[in-house]
Amino acid sequence: MLYIGIDLGTSAVKLLLMDEEGKIKNIISKEYPLHFPQNGWVEQNPKDWYEQTILGIKELIKYFDKNQIAGIAFSGQMHGLVVLDEKDEVIRPAILWNDSRTTKETNFLNNVIGKDRLSQYTANIAFTGFTAPKILWMKENEPENFKKIKKIMLPKDYLTYKLSNMFCTDVSDASGMLLYDVENRCWSKEMIDICGINENQLAKVFESYEVVGSITKEIAKELDLGEHVKVIAGAGDNAAAAIGTSTVGEGKCNISLGTSGTVFIASEKFSVDENNALHSFAHSDGNYHLMGCMLSAASCNKWWIEEILKTNDYNKELINIKKLGNNNVFFLPYLMGERSPHNDPSARGCFIGMRMDTKREDMSQAVLEGVAFALRDSFEVAKSLGIKIESTKVCGGGAKSPIWVKIIANVLNIKVEKIESEEGPALGAAILAAVGCKEFDSVEEASNKIVKVIETIEPDPTIVEKYEIAYRKFEKIYPTIKNLYTELM
C-alpha cells in the first residue's frame with residue numbers, strides 16, 4: 001500500500017509518497033506567497049494552500065497505482081489562525097505563527113490573566129505567535145469579522161477539512177493554541193471564556209494517528225482516487241518531524257533547522273518547567289514533549305547569504321569556515337523576535353565584535369554559531385529540569401550543511417545523528433497515515449522500523465571547550481541590550 005504525507009510549510013507545501021515498508025517513492029514541493037501587510041504582520045491565503053496541495057497530489061501520484069493509496073495525513077505550520085463563516089468561506093487571510101501583531105493581547109494574557117493561571121489552564125504561557133492572542137486581536141480590531149466566525153482552524157486542519165469535510169484537529173497542534181488543556185487532553189473552558197468564543201467553534205480533537213474520515217466524493221473524483229482513502233488526523237510540524245526522525249520515547253531529542261528552529265524532547269510523562277521557557281505540548285505518539293522554539297533558524301542563513309551577500313551559492317559561502325570555536329564575531333538570530341526562552345517579540349538580530357581584521361567568512365560563521373547558541377539556550381533549560389540528553393537527531397534544510405551540524409554537535413556537546421531521509425515532517429505525516437491504516441501497531445514501532453541513522457557526528461573535546469567559553473559570552477549579550485529593542489522598533 002501507499003501513504004501520502006503532506007507538510008504545509010510557511011513557504012511551500014511538501015508532499016511525500018511512502019510505501020508500506022517506509023520507502024519514499026516520490027516527493028513534490030509547491031510554493032505559495034507570503035504577505036506582509038504591515039511591519040510585523042505575516043499572512044497567507046488558505047486558498048493558495050489548497051490549490052497547491054491539490055496540484056501537488058496530482059503530480060505526486062501521477063505515475064503510481066492509485067488503487068494502492070490507502071491514507072493521507074497532514075503536518076503543518078503551527079499556531080496560525082484560520083477562520084471560516086457559516087458558509088465555510090475564509091473570513092480573512094490566515095495570521096501565521098511568526099506574526100507579531102499581538103503584543104498587546106499577549107501582555108494582557110501574561111500580565112492580567114497571569115502566567116500562573118495560563119500555565120494551570122494550558123501548561124503554557126502566552127507568546128505572540130500562539131492562536132489565542134490572535135483571536136483576541138481579531139475580537140478587538142476586526143469585530144465584524146469576529147462576529148462571523150463559525151469555525152476556528154489551524155492551517156493543516158483547513159486542508160483536512162477541504163479533503164474530508166471533517167472539522168477536526170490533533171492533540172499536538174491543538175497544544176500550541178493556548179486554548180488546550182495539555183495535561184488532560186481537552187479544550188480549556190477557562191481559555192474559551194477568556195477569548196470570548198464557544199467550544200462549538202473549535203474542532204474535535206483526535207490523537208495524531210487516528211482516522212478522522214475519508215476523502216469526499218468530490219475530492220476522490222478530482223484526484224482519481226477511491227473514496228476508501230482514509231484521512232488521518234496528522235500533527236503539528238514539529239511533532240510530525242519527531243515521528244519522521246524517530247524521536248519517540250523518554251528523553252529522545254530532535255533538532256529542527258527549518259525556517260524556525262526547535263529543540264524537541266519526547267517524554268512519557270507530562271511536565272512543565274518552572275518559568276514556562278519551554279513549551280509543554282502533547283506528542284503525536286500519544287505521550288508528551290517539551291519544546292524550545294526560536295523564530296529564525298535556517299531563515300537567518302538564507303537572509304544573510306541571499307539578501308545581504310546577494311548570492312545563492314551557499315556552499316561557496318560556507319566552505320571557508322574551518323576554525324570552529326575561534327571567532328570574535330557574535331550574531332543574535334532574533335530577526336523576527338524570539339520565543340524560547342526569552343519570549344520577546346521586540347528582539348532583533350545584531351552582529352557584535354567585528355574588528356578591522358574581520359572577514360566575510362567570520363560573519364557567515366557567526367550566523368551559524370548564533371543559531372546554535374540560541375538552541376543551546378533551550379538545552380540549558382532542559383538540563384536545569386534534570387533531563388539528560390546524550391544525542392539528538394537533526395532535520396530540516398539546515399541539516400544539509402555539514403559544517404552547521406558539526407557546529408551544533410560541539411556547541412551542545414552531544415552526538416548529532418543524521419538520518420537517511422531529511423524529510424522529517426512530511427515523512428512523519430506519512431508514517432502517521434500508515435499507523436492509522438493499521439500498517440503498524442504503534443507510532444513507536446513504525447518510526448523505529450522506518451527511520452535509519454546513516455551518520456553520527458561526535459563532538460570534539462578541544463572545540464567543545466572553546467565553544468563553552470564563547471557561549472558564556474553569547475548568553476550575556478541579549479540581557480545587556482534587550483532594553484534597546486523597544487526604542488529601535
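Analyst: A definition to begin with: a salt bridge is a side-chain nitrogen of Lys or Arg within 4 Å of a carboxyl oxygen of Asp or Glu. By that rule, Asp173 and Lys156 form a salt bridge through their side chains, at 3.0 Å from N to O. Keep in mind that this is a predicted model.

User: Where do Asp173 and Lys156 sit in the chain?

Analyst: Asp173 is in helix H6 (residues 171–174) and Lys156 is in helix H5 (residues 155–164). They are 17 residues apart, and the pair links distant parts of the chain.

User: Are Asp173 and Lys156 buried or exposed?

Analyst: Asp173 is buried, and Lys156 is buried too.

User: How many salt bridges are there in the whole structure?

Analyst: The search finds 27. One of them joins the side chains of Glu59 and Lys30, with 2.7 Å from N to O. Glu59 belongs to helix H1 (residues 46–61) and Lys30 to strand S3 (residues 24–31), so this pair ties together parts 29 residues apart in sequence. Glu59 has a relative accessible area of 37%, which makes this residue partly exposed.

User: What about Asp357? Which residue does it pair with?

Analyst: Asp357 forms a salt bridge with Arg355. Their closest N and O atoms are 3.1 Å apart. Asp357 is partly exposed, at 41% relative accessibility. Arg355 is partly exposed as well, at 46%.

User: Which residues are linked in a network?

Analyst: Arg376, Glu380, Lys383, Glu468, Arg472 and Glu475. Salt bridges link them.

User: Switching to packing. Which residues touch the most other members of the largest nonpolar core?

Analyst: Met18, Leu109, Ile152, Leu179, Met191 and Ile197. That core has 70 residues. Helix H14 (residues 424–436) gives the largest share, nine residues.

User: What is Met18 in contact with, leaving aside its neighbours within four places in sequence?

Analyst: Its contacts include Met1, Leu2 and Tyr3. Lys23, Ile24 and Lys25 are also among them. Further along the chain, Met18 is in contact with Leu427, Ala430, Ile431, Ala434 and Ile450.

User: And the second core, which residues does it include?

Analyst: Val367, Ala372, Phe373 and Ile414 are among its members. This core is separate and has 60 residues.

User: Helix H9 next. How many of its residues are buried?

Analyst: Seven of the eight residues of H9 (residues 237–244) are buried, so the helix is largely enclosed by the rest of the structure. The buried ones are Asn238, Ala239, Ala240, Ala241, Ala242, Ile243 and Gly244.

User: What comes just after H9?

Analyst: Ser246, with a positive phi of about 60°.

User: What lines the second largest cavity?

Analyst: The lining includes Ile152, Met153, Leu154, Asp157 and Phe167. Cys168, Thr169, Met177, Trp187 and Ala203 line it too. Strand S8 (151–153) and strand S9 (168–170) are the elements that give two or more residues. The volume of this cavity is about 40 Å³. Its lining has eight nonpolar residues, one polar and one charged.

User: And pockets? What is the volume of the second largest pocket?

Analyst: About 300 Å³. It is lined by 16 residues, with Lys323, Asn326, Asn327, Lys359 and Asp362 closest to its centre. The lining has two nonpolar, seven polar and seven charged residues.

User: Last one, Thr456. Which strand does it lie in?

Analyst: Strand S23 (residues 453–457). Thr456 is partly exposed, with a relative accessible area of 36%.

User: What does Thr456 contact, leaving aside its neighbours within four places in sequence?

Analyst: Lys415, Val416 and Glu417. Thr456 and Val416 are 40 residues apart in sequence, yet their C-alpha atoms are 5.7 Å apart in space.

How values were computed: Residues numbered from 1 in each chain as written. Predicted model: local features only at pLDDT ≥ 70, side-chain atom pairs only at ≥ 80, totals over all residues. Heavy atoms only, no water. 1 Å grid on protein atoms, 1.4 Å probe; cavity = no way out; pocket = protein on both sides within 12 Å on 5 of 7 lines; lining within 4 Å. Points joined across faces, edges and corners; volume = space filled by probe spheres on them. Nonpolar A, V, L, I, M, F, W, Y, C, P; charged D, E, K, R; others polar. Helix = DSSP H or I, 4+ residues; strand = E, 2+ residues; numbered from the N terminus. Buried < 20%, exposed > 50% of the residue type's maximum accessible area, 1.4 Å probe, protein only. Core = buried A, V, L, I, M, F, W, Y, C linked by side-chain atoms within 4.5 Å. Contact = heavy atoms within 4.5 Å.
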